[in-house]
Amino acid sequence: MNLVAGVDSSTQSCKVLIVDADTGHIVRSGRAAHPDGTEVDPEAWWLALLEALADAGGLADVSAISVGGQQHGMVALDVGGCVIRPALLWNDTRSAAAAEALTAQFGAEEYAERTGVVPVASFTASKLRWLRDVEPGNAAQVAAVALPHDWLSWRLRGYGPEGSAPLGPMLDELCTDRSDASGTAYWSPITNDYDRELLLAALGHDAVLPRVLAPDESGGEVHASVLGASSDATPIVLGPGAGDNAAAAFGLGARSGDVVVSIGTSGTVFAVTDRPSRDATGTVAGFADASGAYLPLVAALNAARVLDAVAGLLGIDHDELGRLALEAEPGAGGAVLVPWFEGERTPNLPGATAGLSGLTLANTTRSSVARAAIEGLLCGLADGLEAVLGQGVQARRLLLIGGAAQNPAVQAIAAQVFALPVVVPTPGEYVAIGAARQAAWVLAGGAAPEWPLATVAAPAVDHRPVIRAQYAVARDERAAALL
């Protein structure tokens, strides 16, 4: 059996899967927790990776490994390869004003044309601009900028601060991939190159940036001493890695015509397409994918926690919430939840709050409120899908993933909200699976391996336009009231 490893270094934890390279069958797995917070010392990620690898039984019988990771996080290194300050994560919003400053400097249309994105707080360029403006002493020390997965891959190869890594601080050995680079807001998926002018505008000076590898290009080998192996151990090939959404799409086997809707802590809608996207409104981020194509993506702040909040309000669990929701008719009798509990990114209303409207004596019932919660959640994601399709994406089916996607009511109502066939894959660690598939691709060469995708549901299309029509009215009224 030829084994490969895939890593998902996410916000909350590090997951490792050891996978049969030929079949995609998961042989064993490991996990370790990450610290809470929106800024983290990257050393915590490194220790968690080592712990998760050990929990997965190690890499002694593994031929290749690749790292998928949370996007955008700013890992700032000095000339000695030391981390200058804790990394700012994608969900650290203190850089919102910095994003606005960058957009104002170049204009949204020019920024979208040059990079496929318009700066928001989550992107690396915005965080570098914040560092320059708020911590100029730290900014002046920056010799290289890496992303979380770049830095972990660099450490696996034996590089790092002098005295703590066998090969020392060789900054020019940093590598990344197209998908993660496209989330920096200073790299172009159109030209496949860094835009140094935009980096200078963000950081204030030039710096070493990771070399961008092709999707099937090796990033080198894991240094034997890192894993406590002898120098004559069989080399372990290191893949280029990927950003988490791109790795998930690759793990799902998504291709042109597929749209993925992920319902996690936040919600994302992304599609694999053969054409780059440029959305000057900033709604759609024109990212690259992990296969050599493109991954236009929309993010929503409010997703699974909408169901948490309403289930808590009703004093029930998620199973009961779903059962109640299916007792009500589509449209919940006119009750509409606009679920902007934590502000919203799509539409861009960071100070927004949620609103429950259209209540009457007839529809003020537990079942109507439960259904309004699920419909509101899905309608917000359907708005994201509409924005993605507005970029010229052609969609044939929708892959619904994330913890909330396993609720039968969410599946049934999704078939009524989205005017596309909905497929619900078997729950899985698709970021780690995608990283493992990439490792297998790099190891074998040629075409990427085709691994089967197991599914748990494929509800028949049951489109009910009334759901989105009444949601759109309530959404627009809510947005107008907040402006």
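Me: What makes the second largest pocket a pocket rather than a cavity, and how much space lies in it?
Reply: A cavity is a set of points where the probe fits but cannot get out, whereas a pocket is an open set. In this predicted model, the space in question is classed as a pocket and holds about 360 Å³.

Me: Which residues line the second largest pocket, and which lie nearest its centre?
Reply: The lining consists of 21 residues. Those nearest the centre are Gly 251, Tyr 430, Pro 452, Leu 453 and Ala 454. Two helices, H9 (244–252) and H14 (430–444), each contribute at least two residues to this lining.

Me: What is the make-up of the lining of the second largest pocket by class?
Reply: There are 10 nonpolar, seven polar and four charged residues.

Me: Which residue does the UniProt annotation "active site" cover, and in which helix is Asp 244 found?
Reply: The annotation, from an unreviewed UniProt entry, covers Asp 244. Asp 244 is found in helix H9. Such annotations may be inferred rather than shown by experiment.

Me: Is Asp 244 buried, exposed or partly exposed, and how do you know?
Reply: Its relative accessible area is 22%. Buried requires under 20% and exposed over 50%, so Asp 244 is partly exposed.

Me: Which residues does Asp 244 touch, not counting residues up to four places away in sequence?
Reply: They are Gly 69, Gln 70, Gln 71 and Val 431. Contact means heavy atoms within 4.5 Å, so each of these four residues has a heavy atom within 4.5 Å of one in Asp 244.

Me: How do you know whether Ser 122 is buried or exposed, and where is its place?
Reply: Ser 122 sits in the loop between helix H3 (108–115) and helix H4 (124–134). Its relative accessibility is 6%, and the limit for buried is under 20%, so Ser 122 counts as buried. Beyond its neighbours up to four places away in sequence, Ser 122 touches His 72, Trp 90, Lys 127 and Arg 345.

Me: Why does Tyr 111 get its burial class, and with what is Tyr 111 in contact?
Reply: Tyr 111, found in helix H3, has a relative accessible area of 1%, and under 20% is called buried, so Tyr 111 is buried. Leaving aside neighbours within four places in sequence, its contacts are Leu 102, Phe 106, Gly 116, Val 117, Pro 119, Ala 125, Ala 185 and Leu 198. Tyr 111 and Leu 198 are 87 residues apart along the chain, with 8.9 Å between their C-alpha atoms.

Me: Why is helix H6 (residues 148–156) described as it is, and how many of its residues are buried?
Reply: Nine of the nine residues of H6 are buried, so the helix is largely enclosed by the rest of the structure. Among them are His 149, Asp 150 and Arg 155. Just after H6, Gly 158 takes a positive phi of about 100°.

Me: What makes strand E15 (residues 258–263) covered or open?
Reply: Six of its six residues are buried, and E15 is mostly covered. In a regular strand the side chains alternate between the two faces of the sheet. Asp 258, Val 260 and Ser 262 on one side, and Val 259, Val 261 and Ile 263 on the other, are all buried, and both faces of E15 are covered.

Me: How do you know which strands pair with E15, and in what sense?
Reply: Pairing needs at least two bridges. Five bridges join E15 to the parallel strand E21 (residues 397–401), and five bridges join E15 to the antiparallel strand E16 (residues 267–271), so both pairs meet the criterion. A hairpin of three residues connects E15 to E16.

Me: How many bridges join E21 and strand E22 (residues 422–425), and what makes them a pair?
Reply: There are two bridges, in the parallel sense. The requirement is at least two, so E21 and E22 count as paired. Leu 399 of E21 stands opposite both Val 260 and Val 423 in E22. Of the five residues of E21, four are buried.

Note on methods:
Residues numbered from 1 in each chain as written. Predicted model: local features only at pLDDT ≥ 70, side-chain atom pairs only at ≥ 80, totals over all residues. Heavy atoms only, no water. 1 Å grid on protein atoms, 1.4 Å probe; cavity = no way out; pocket = protein on both sides within 12 Å on 5 of 7 lines; lining within 4 Å. Points joined across faces, edges and corners; volume = space filled by probe spheres on them. Nonpolar A, V, L, I, M, F, W, Y, C, P; charged D, E, K, R; others polar. Buried < 20%, exposed > 50% of the residue type's maximum accessible area, 1.4 Å probe, protein only.
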